[in-house]
Amino acid sequence: MPAIVLIGAQWGDEGKGKATDLLADRIDYVVKFNGGNNAGHTVVIGDEKYALHLLPSGILTPGVTPVIANGVVIDISVLFAELDALNSRGIDTSKLRVSANAHVITDYHRTLDKVTERFLGKRQIGTTGRGIGPTYADKINRVGIRIQDIFDEGILRQKVEAALEIKNHLLAKIYNRRAISADAVIEELLSYRERLAPMVADTALELNQALEANKVVLFEGGQATMLDIDHGTYPFVTSSNATAGGASTGSGIGPNKVERVIAVIKAYTTRVGAGPFPTELFDADGEFLRAKGFEFGTTTGRPRRCGWYDAPIARYTARINGVTDFVLTKLDVLTGLEKIPVCVAYDVDGVRHDEVPVNQSDFHHATPILEYFPGWTEDITGARSFSDLPKNAQDYVTALEAMSGARFSAIGVGPARDAIIVQHDLVG
């Protein structure tokens with residue numbers, strides 16, 4: 001069975017958890033392949049709301065095997081806390097598999113993340129301060145700690161002491177911070193061994209065997225395309241590959257096994273943290289979107305920056321990821337607007353750009369060229385087919401689809417689990 005990749009099409013917070021939940025009863029494995037606990041999925045099941053950060057959202061569906069793959073960086077204390085929270089609510093988490101090759105976030109990574117961000121002042125990236133970037137930096141510099149190292153105390157000590165030999169000089173002499181004890185870091189990591197051991201596996205092998213056995217495997221990306229380290233709005237990006245290609249490198253499955261790429265995209269646009277955002281609103285419309293869409297970060301609680309739908313970004317996402325299907329979310333949030341602007345191109349110093357400019361400076365200075373669509377006032381949260389939508393809502397969705405580079409296979413019309421219109425099968 002071919003693999004399915006699910007990614008975010010904008011700057012994150014598009015509702016990937018809802019899309020995963022839509023697919024969950026037809027899949028066997030859900031795999032987190034990038035990022036760490038710097039992102040969040042909110043899934044609503046009945047009257048229950050679940051906020052997940054490190055765990056793949058498929059863990060909420062009985063029978064599905066959740067996997068944290070090698071491309072993820074793991075704060076083990078956060079992992080255990082999240083598992084405990086789910087267990088306390090009656091969710092079975094016993095099937096979780098964790099890659100032996102995933103990298104570990106340590107106390108010194110969290111410390112460096114926070115002090116470095118403060119040191120940057122006005123040039124801050126807007127990180128969550130959870131140690132994600134420094135952990136990926138250590139991975140690339142080949143001085144990182146992997147899950148498997150925790151089970152060899154000698155190797156663990158060598159790696160931690162070598163890492164801190166340089167980092168403590170940096171903390172003390174550059175940032176005027178107290179040095180971190182290698183013994184304290186090692187003691188903490190060793191304390192996780194007993195509980196962690198049953199979860200650890202060669203997940204790349206298991207996933208390939210699952211695909212060979214005709215199982216349905218969903219690869220769930222953290223963050224989103226415009227935050228990808230290579231293809232996002234650098235340097236205001238995350239530290240991993242949040243695009244479809246990251247599913248292969250972040251899990252150990254070949255790209256030829258991926259047949260479908262589903263991108264989740266909001267009916268408007270949001271962003272958390274610093275960086276360019278051409279359609280950003282600073283007026284009452286922005287406040288309307290933020291309040292009605294409850295646009296506050298699942299992980300940090302930070303207010304999200306809000307703006308109109310950006311069609312060039314949708315086309316960019318479709319192109320970079322090879323998107324086969326879009327899932328449009330939060331269409332209901334637009335209900336009540338008299339007219340709804342859509343960014344169809346950019347103006348950069350008087351020159352029209354129909355696609356996202358390759359030059360970051362141009363994108364930073366881009367202003368949106370808007371096309372306006374009539375709004376609707378009817379409540380659409382009960383719509384379960386496209387024909388149930390008001391004519392103006394139908395026209396809006398049809399127009400977005402035509403300018404976005406791939407078909408709209410599902411449309412979210414409310415926060416409830418079943419508040420979605422399915423137009424095309426996302427699995428078959």
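This briefing describes a sheet, a helix packed against it, and the nonpolar cores of one structure.

The model is predicted, so local features need pLDDT of at least 70 and side-chain atom pairs count only at pLDDT 80 or more, while totals for chains, interfaces and linings use all residues. Residues are numbered from 1 along each chain as its sequence is written, and side-chain values use heavy atoms, with hydrogens and water left out. Helices (H or I, at least four residues) and strands (E, at least two) are DSSP runs numbered from the N terminus.

**Sheet**
- An open sheet of mixed pairing is formed by 10 strands in the order E9-E7-E5-E2-E10-E1-E11-E15-E19-E20; two strands pair if DSSP finds at least two bridges between them.
- E9 and E20 (420-422) are the edge strands, each pairing on one side only.
- E1 pairs with E11 (residues 258-266) in the parallel sense over six bridges, and Ile4 has Arg260 in E11 as its bridge partner.

**Nonpolar cores**
- A nonpolar core is a set of buried Ala, Val, Leu, Ile, Met, Phe, Trp, Tyr and Cys residues joined through side-chain atoms within 4.5 Å.
- The largest has 57 residues, with Phe219 and Leu331 among those with the most contacts inside it.
- Helix H13 (residues 391-404) gives the largest share of this core, six residues.
- A second, separate core of 40 residues includes Leu83 and Ile147.

Note on methods: Buried < 20%, exposed > 50% of the residue type's maximum accessible area, 1.4 Å probe, protein only.
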